[in-house]
Amino acid sequence: MHILILENGINIDNFVNAIKQNSNVNLIFASQDAICNIDEVTKIDIDSDEIDELLDFALANAIDFVFAFSDKAQSTEIIELFEANGI
């Protein structure tokens with residue numbers, strides 16, 4: 001399972017540690033504006049409000065779940081767009 005986390009205000013380390021416990025999680029990505037200090041998380045060069053770029057990334061990397069904690073992401077139509085694309 002591939003996970004994408006969108007965040008720009010809080011440290012997501014505790015959340016990442018919790019989802020790493022799931023043996024089905026293979027890859028964890030985070031937007032470049034996420035605050036995360038865990039080596040297993042791959043930061044991508046896309047901010048949490050760059051909708052088209054995030055969708056392209058998610059589709060190209062077979063993202064299964066997106067956690068949009070970011071206020072920037074939640075203030076856009078990203079949730080509807082991802083759901084419309086089966087994510």
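Me: Is Ala62 buried, partly exposed or exposed?
Reply: In this predicted model, Ala62 has a relative accessibility of 46%. Buried would need under 20% and exposed over 50%. Ala62 therefore counts as partly exposed.

Me: Where does Ala62 lie, and what is its phi?
Reply: Ala62 lies in the loop between α2 and β4. Most residues other than glycine have a negative phi. Ala62 is not a glycine, yet its phi is positive, at about 50°.

Me: How many aromatic pairs does the structure hold, and how are the rings of Phe15 and Phe69 arranged?
Reply: A search of the whole structure gives 4 aromatic pairs. One of them joins Phe15 and Phe69, with 5.0 Å between the ring centres and 85° between the planes. Planes over 60 degrees apart put a pair in one class, and for Phe15 and Phe69 that class is edge-to-face.

Me: How many residues apart are Phe15 and Phe69?
Reply: Phe15 sits in helix α1, residues 13-19. Phe69 is in the loop between β4 (65-68) and α3 (71-74). The pair links distant parts of the chain, and the separation is 54 residues.

Me: What are the relative accessible areas of Phe15 and Phe69?
Reply: Buried means under 20% and exposed over 50%. Phe15 is partly exposed at 25%. Phe69 also counts as partly exposed, and its value is 33%.

Me: Which residue joins Phe15 and Phe69 in a cluster?
Reply: Phe15 and Phe69 pair edge-to-face. Ring pairs link these two and one further residue into a cluster.

Me: Are Phe29 and Phe57 buried or exposed?
Reply: The limit for buried is under 20% relative accessible area. Phe29 comes to 8%. Phe57 comes to 16%. Phe29 is therefore buried, and Phe57 is likewise buried.

Me: What class of ring pair do Phe29 and Phe57 form, and how many residues apart are the parts tied together?
Reply: The ring centres of Phe29 and Phe57 are 5.0 Å apart with the planes at 85°, so the pair is edge-to-face. Phe29 belongs to strand β2 (residues 27-30) and Phe57 to helix α2 (residues 51-60). The pair therefore ties together parts whose separation in sequence is 28 residues.

Me: Which helix gives the most to the negative patch on the surface?
Reply: The patch gathers Asp52, Glu53, Asp56, Glu77, Glu80 and Glu83. At least two residues each come from α2 and α4 (78-84). Glu53, in helix α2, is partly exposed at 40%. With 3 residues, the helix that gives the most is α2.

Me: Which residue meets Lys20 in a salt bridge?
Reply: The structure holds 1 salt bridge. Lys20, partly exposed at 32% relative accessibility, lies in the loop between α1 and β2, and its partner in the loop between β2 and β3 (41-43), so the pair ties together parts that are 20 residues apart in sequence. The N to O distance is 3.4 Å, and the partner is Glu40.

Me: How far apart in space are Leu55 and Ile78?
Reply: Leu55 is placed in helix α2 and counts as buried at 10% relative accessibility. Leu55 and Ile78 are 23 residues apart in sequence. In space, C-alpha to C-alpha, the distance is 8.3 Å.

Terms used: Residues are numbered from 1 along each chain as its sequence is written. This is a predicted model: local features need pLDDT of at least 70, side-chain atom pairs count only at pLDDT 80 or more; totals for chains, interfaces and linings use all residues. Side-chain values use heavy atoms; hydrogens and water are left out. Rings of Phe, Tyr and Trp (its six-membered ring) pair if their centres lie within 6.5 Å; planes under 30 degrees apart count as stacked, over 60 as edge-to-face and the rest as tilted. Helices (H or I, at least four residues) and strands (E, at least two) are DSSP runs, numbered from the N terminus. Buried means under 20% relative accessible area, exposed over 50%, partly exposed in between (1.4 Å probe, protein chains only). Patches are made of residues with over 30% relative accessible area and no salt bridge: like charges are joined within 9 Å, nonpolar side chains (Val, Leu, Ile, Met, Phe, Trp, Tyr) within 5 Å. Accessible areas come from the Shrake-Rupley method with a 1.4 Å probe; for residues, only the protein chains shown count as cover. A salt bridge is a side-chain nitrogen of Lys or Arg within 4 Å of a carboxyl oxygen of Asp or Glu. Lys and Arg count as positive and Asp and Glu as negative; His and the chain ends are not counted. The place of a charge is taken as NZ of Lys, CZ of Arg, CG of Asp or CD of Glu.
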